[in-house]
Amino acid sequence: MHRLIFRRFESTFNARVKDMVSKQLCAQTLALYKEELHSSGVHADATVLPSLIKACSSPQTHFVGLQLHSIVIKSGSDSDLAVPNSLISMYAKSMYIDSACKLFDEMPERDTITYNTLIKCYSENGCLSEAMELLKEMYRQGFVPKPELIAKVIWLCTHTGDIKLGRAIHGLVIVDGRVESSIYLSTALVDFYMKSNESLVASRVFCLMESKPEVVSWTAMISGCISNRKYEMGIHYLRRMLSQGQKPNRVTLLGILPAFGELGNVKCGKEIHGYAIRHGYDDSGHHLADALIEFYGRCGKRRYARIIFKQSRVKDVVMWSSIIGIHVRGGVQGETMKLFRLMRVEGIEPNSVTLLAMISCCSSLASLSHGQAIHTYVVKYGFNSDLYIGNALIDMYSKCGCLKASHQIFNEMGVKDPVSWSSLISGYGIHGHGEEALQLFDEMRERKIEVDGITWLAVLSACNHSGLVEEGEKLFKHAVEVDAIGVEHYACYVDLLGRSGKVEKACDMVRKMPVKPSEKIWSSLVSACKVHGKFELAERLVDEMIKSEPENPANYTLLSMIRAESGNWVKAEEVRRLMRIQELGKRSGFSKIEVESELARGM
């Protein structure tokens, strides 16, 4: 009778423990065990130990897990596979990988759960090679891994960039045939192929899903398309998702918004915004607000971006960086400076993205005092070793005319890339120090640093600004040989030839160009003709420019100036009259100077 009562108590206690653990009431579960079972001197057995051990998976309760492990050893409960399996899981979740491995090695018997638990442990801790070795052993022992486990390993391949291994595992899943189909596994494969830049394979995996794709699968497909800059493809999958009755969640909206921003599709982006408001996603965190601010900024709708920014309850450094970046791209530098000051007043510390935007703003303003102030923030917050910030500072000081400061930053950089060299070469070039720019270029090639199209353009521009015609011709010929030129390089070279009086050679180059001449090339040729007194040729060239761009007032202004300089005032006046009739007005230019840290602008 006494034994029957104890069994009923034990059964009720076990049921209560399992129920509490399923509800993640871990602390209450352990308290119950301590009060009702452990205090009476009765040890837990193999029926309740797995649930109790599961309640010890956090670092705070790990010491209780160690005590339960000692009870397992004393009571001999480790003969039941469920108990050591739960112990391996406990050690894995508490980041004690060595303890989990030791327990696994000491087990006389193992089952599918044993292997799944340890492989999952390896995957979650970034141990890809160990996970794969254990997966191979699991197969050799005749066990079939769960699809969720394979998905974990695929996820690890995605994050380590091991494309070959990821493909091999996918092939094994197809060939074996014993692995169950799973939305989780298919989604992991879609994500893997998308991040491996194999969108067609990802699309094939997605379309071959045996069960109906869930929201998480659609989101992985859409986000992958956007990450690979396949915006139309991503929008296509969004439409398919909606047509099949699936409702996008907050993550889906975060994935698709950049597509509408890049395509400048304000209407569809607003519809996504409306959908977010109707479903309450606009109140579910600041990430969607960040994405909406970036979207409206990309579409040139700064006013809408400012409204969302002002209405946001939580403004973190990411949101501040987004709104500042939008104003920098919009060319409103004065407003950008005000926003940065307001950010500092609010007590938000800038990150590298914020500082990059502010350095770009100072470069556009060519404001040395503001640039130096931002540089102090760079040093203060420890970003002076950041490669991208270093490159931006070189460019900023160059545009402000401080080549000495540019070169000092270049020399102090621990790591330099081709952009670092190109920025400094360009800085020397635009200030007429062509010889120094060429010396840097030669040093760059001696060090076997990759010379890309930007570097070639920087050094050609340096030759152009310094009148180094012979050196420029040699460099252009070399650039053509290595196939590193585009229309910008041709424009620079044509300008170089024109300035040096080789107008016929420049015209011949334009005729032989493998690409369509840009407006800048035609303007360079016309300017060269004007300088060297070839007014008839200049007038013919401008006539061609007007035919190709009849609504560009700059072409008519150029034609009027040519006729005036050649003494043909009557025809020059005819052009001005034609501009008035067609209501073509040239925008006035302006100049900016810095006086005692304040910018003044004059027409």
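**Aromatic pairs and salt bridges**

Tryptophan 320 is buried, its relative accessible area being 2%. In this description, buried stands for a relative accessible area under 20%, exposed for over 50%, and partly exposed for values in between, computed with a 1.4 Å probe and protein chains only. The model is predicted, and for this reason local features need a pLDDT of at least 70 and side-chain atom pairs count only at pLDDT 80 or more, while totals for chains, interfaces and linings use all residues. Residues are numbered from 1 along each chain as its sequence is written, and side-chain values use heavy atoms, with hydrogens and water left out.

The account turns to the aromatic rings. The structure contains 15 aromatic pairs. Rings of Phe, Tyr and Trp (its six-membered ring) pair if their centres lie within 6.5 Å; planes under 30 degrees apart count as stacked, over 60 as edge-to-face, and the rest as tilted. Helices (H or I, at least four residues) and strands (E, at least two) are DSSP runs, numbered from the N terminus. Phenylalanine 309 is buried, at a relative accessible area of 5%.

Another pair joins phenylalanine 340 and tyrosine 377: the ring centres are 5.2 Å apart and the planes stand at 85°, so the pair is edge-to-face. Phenylalanine 340 lies in helix 20 (residues 333-345) and tyrosine 377 in helix 22 (residues 368-380), so the pair ties together parts that are 37 residues apart in sequence. Phenylalanine 340 is buried, with a relative accessible area of 5%, whereas tyrosine 377 is partly exposed at 21%.

Elsewhere, Phe104, Tyr115 and Phe143 form one aromatic cluster. Arginine 110 lies over the face of phenylalanine 104, at 4.1 Å from the ring centre. A charge sits over a ring if NZ of Lys or CZ of Arg is within 6 Å of the ring centre and within 35 degrees of the ring normal. Phenylalanine 309 also has a charge over its ring, that of lysine 315, 5.4 Å from the ring centre.

Charged side chains also meet one another. The structure holds 18 salt bridges, each being a side-chain nitrogen of Lys or Arg within 4 Å of a carboxyl oxygen of Asp or Glu. Glutamate 294 forms one of them with arginine 298, the closest N and O atoms lying 3.4 Å apart. Because these two residues are 4 residues apart in helix 17 (residues 286-298), about one helical turn separates them. Glutamate 294 is partly exposed at 23%, and arginine 298 is partly exposed at 42%.

Glutamate 294 also forms a salt bridge with arginine 329, with 3.2 Å between the closest N and O atoms. Here distant parts of the chain are linked: arginine 329 is in helix 19 and glutamate 294 in helix 17, 35 residues apart. Arginine 329 is partly exposed, at 44%. Glu262, Glu294, Arg298 and Arg329 are linked in a network of salt bridges.

In helix 29 (residues 487-499), arginine 499 and aspartate 495 are 4 residues apart, about one turn of the helix. Their side chains meet in a salt bridge of 2.9 Å, N to O. Arginine 499 is exposed, at 56% relative accessible area, while aspartate 495 is buried at 15%.
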